[in-house]
Amino acid sequence: MEVGAVLDLQPCSWVGSEAKGRRSSGGSWRFQDPYREERRSSMVRFCNRRDNRASVRSGHVELKVSCCYKKHQDHFSQRSTETYHKSIDEALLLKSKSEEVLPYLNERCIYLVGMMGSGKTTIGKILSEVLRYSFFDSDKLVEQTVGISSVAQIFKQYSEAFFRDNESEVLKDLSSMSRLVVATGGGAVIRPINWKFMKHGISVWLDVPLEALARRIAAVGTDSRPLLHYEPGDPYSKALAKLTSLFEERGEAYANADARVSLGEMAAKKGHGDVSTLTPTDIAFEALLQIENYVMDNAYASSSRYNFTGARRD
Ligand SMILES: Nc1ncnc2c1ncn2[C@@H]1O[C@H](COP(=O)(O)OP(=O)(O)OP(=O)(O)O)[C@@H](O)[C@H]1O
Ligand SMILES: O=C(O)C1=C[C@@H](O)[C@@H](O)[C@H](O)C1
């Protein structure tokens, strides 16, 4: 391996349990680690970084990881016992993969992009737990900045443009921070300036078939999703119609992401097309794999810019 690659692949030092941050210029939200207390009280502690690899194999940590899964399992409480046990294995694999990927992140933030309902929050929280990153939802930060507790209400009271301006401000503030997983708003990708901010970290597109998105959204209702709320028809059909037209406008923008997690392809690899059988743990694992591919490709690309003495070729 050439010098550039070696340098790129050096693990960064662990800098403590909270990410670095600063106040937003408006001062209306401040950086905090919303999961700090939860993590402290939770059994899910992957505290001693040096011991992690060994501890994954120990029964002691296995118990901790199973607790980790149980917490996320709440989203999908109908899981059978059989699936639960399978998922303990999945959770261990996830933990192990996160340990492999973490050193190469160099503390960079992870930005999850994707359509409404694609799982940015669900998967983002799992990733933040296993990576010991803090989790932020940019929609929530906009709500805090504006002082209105619902995106739908911000759209109604002000306008979509006003919401988008605030969203860009939030992404700008986040771009100076490290060790965050950020669930971005579904439309954050449409403004090129937002990509400039997200390029400070690693962006991951959760690419979910529109029919699956429409099913999820119809199940929870469209009240909190202003772009879907005023469409006529039954919840599934109106969600699908609007998602289809939004995706036509945005598909290319999502494809700007550094890594893509395609649920359609994941399900196809399992020999069927049913994405509803993919657990959040499966999806989080795939996200880590795709992030790993991205960072490795980058390390390789930058190593090929150096010769064996470490000098740049160009
Ligand atoms: N893998 C999955 N399988 C089934 N349902 C899921 C999955 N991931 C998330 N969901 C469900 O889909 C809905 C949307 O998920 P989530 O809030 O994580 O998406 P989001 O991308 O953050 O959405 P938004 O951008 O609209 O805030 C939730 O009800 C969640 O429980
Ligand atoms: O897809 C979109 O444009 C949006 C998605 C939500 O996350 C919110 O950011 C808002 O409802 C707009």
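Tutor: What follows begins with the chain as a whole, turns to the ligand, and then goes through the helices and loops around that subject.

Please keep in mind from the start that this is a predicted model. The chain contains 15 helices and five strands, and of its 314 residues 35% count as buried. If we take the contacts between residues at least 6 apart in sequence, 74% of them join residues at least 24 apart.

Now to the ligand itself. Ligand 1 is surrounded by 18 residues, and the closest are Met116, Gly119, Lys120, Thr121 and Thr122. Three helices each supply at least two residues of this shell, namely helix 6 (120-131), helix 11 (210-220) and helix 15 (280-303). Of the contributors, helix 6 gives the most, with three residues. When the shell around ligand 1 is sorted by class, six of its residues are nonpolar, eight are polar and four are charged.

Let us stay with helix 6 for a while. Glu129 belongs to this helix, and Glu129 counts as buried because it has 24 C-beta neighbours inside 10 Å, where 20 or more are needed. Between the C-alpha atoms of Glu129 and Glu160, which are 31 residues apart along the chain, there is a separation of 32 Å. Ser98 is a residue of helix 5, and with 23 other C-beta atoms within 10 Å it is buried. If its neighbours within four places in sequence are left aside, Ser98 is in contact with Val130, Leu131 and Leu288.

As a rule, most residues other than glycine have a negative phi. Arg132, in the loop between helix 6 and strand 2 (134-137), has instead a positive phi near 55°, although this residue is not a glycine. Arg132 is buried, with 21 other C-beta atoms within 10 Å. Glu107, which is found in the loop between helix 5 (81-105) and strand 1 (110-113), is also not a glycine and has a positive phi of about 70°. Glu107 has 17 C-beta neighbours inside 10 Å and therefore counts as partly exposed.

In general, two packed helices are described by the angle between their axes and the distance between the axes. For helix 11 and helix 13 (residues 235-254), the axes come within 8 Å and cross at roughly 135°, and the two helices are therefore oblique to each other. Their crossing is right-handed. On the side of helix 11 the contact is made by Leu210, Glu211, Leu213, Ala214, Arg215, Ile217 and Ala218, while helix 13 brings Pro235, Tyr236, Ala239, Leu240, Leu243, Thr244 and Phe247. Sorted by class, this contact of helix 11 with helix 13 has 11 nonpolar residues, one polar residue and two charged residues.

In helix 7 the residues Ser138, Asp139, Leu141, Val142 and Glu143 are buried, and what covers them includes strand 2, helix 8 (151-157), helix 9 (160-174) and strand 3 (180-183). The axes of helix 7 and helix 9 come within 9 Å and cross at roughly 110°, which makes helix 7 roughly perpendicular to helix 9. The residues that make this contact are Ser138, Leu141, Val142, Thr145 and Val146 of helix 7, together with Phe163, Asn166, Glu167, Val170 and Leu171 of helix 9. By class, six of the residues in the contact of helix 7 with helix 9 are nonpolar, three are polar and one is charged. After helix 7 comes Gly147, which has a positive phi near 85°.

Notes
Residues numbered from 1 in each chain as written. Chains lettered and ligands numbered in written order. Predicted model: local features only at pLDDT ≥ 70, side-chain atom pairs only at ≥ 80, totals over all residues. Helix = DSSP H or I, 4+ residues; strand = E, 2+ residues; numbered from the N terminus. Buried ≥ 20, exposed ≤ 12 C-beta atoms within 10 Å, placed from the backbone. Contact = placed C-beta atoms within 7 Å. Near = placed C-beta within 6 Å. Nonpolar A, V, L, I, M, F, W, Y, C, P; charged D, E, K, R; others polar. Axes fitted to C-alpha atoms, helices over the stretch in contact; angles between N-to-C directions. Parallel < 35°, antiparallel > 145°, perpendicular 65-115°, else oblique. Left-handed = near helix turned anticlockwise from the far one by under 90°.
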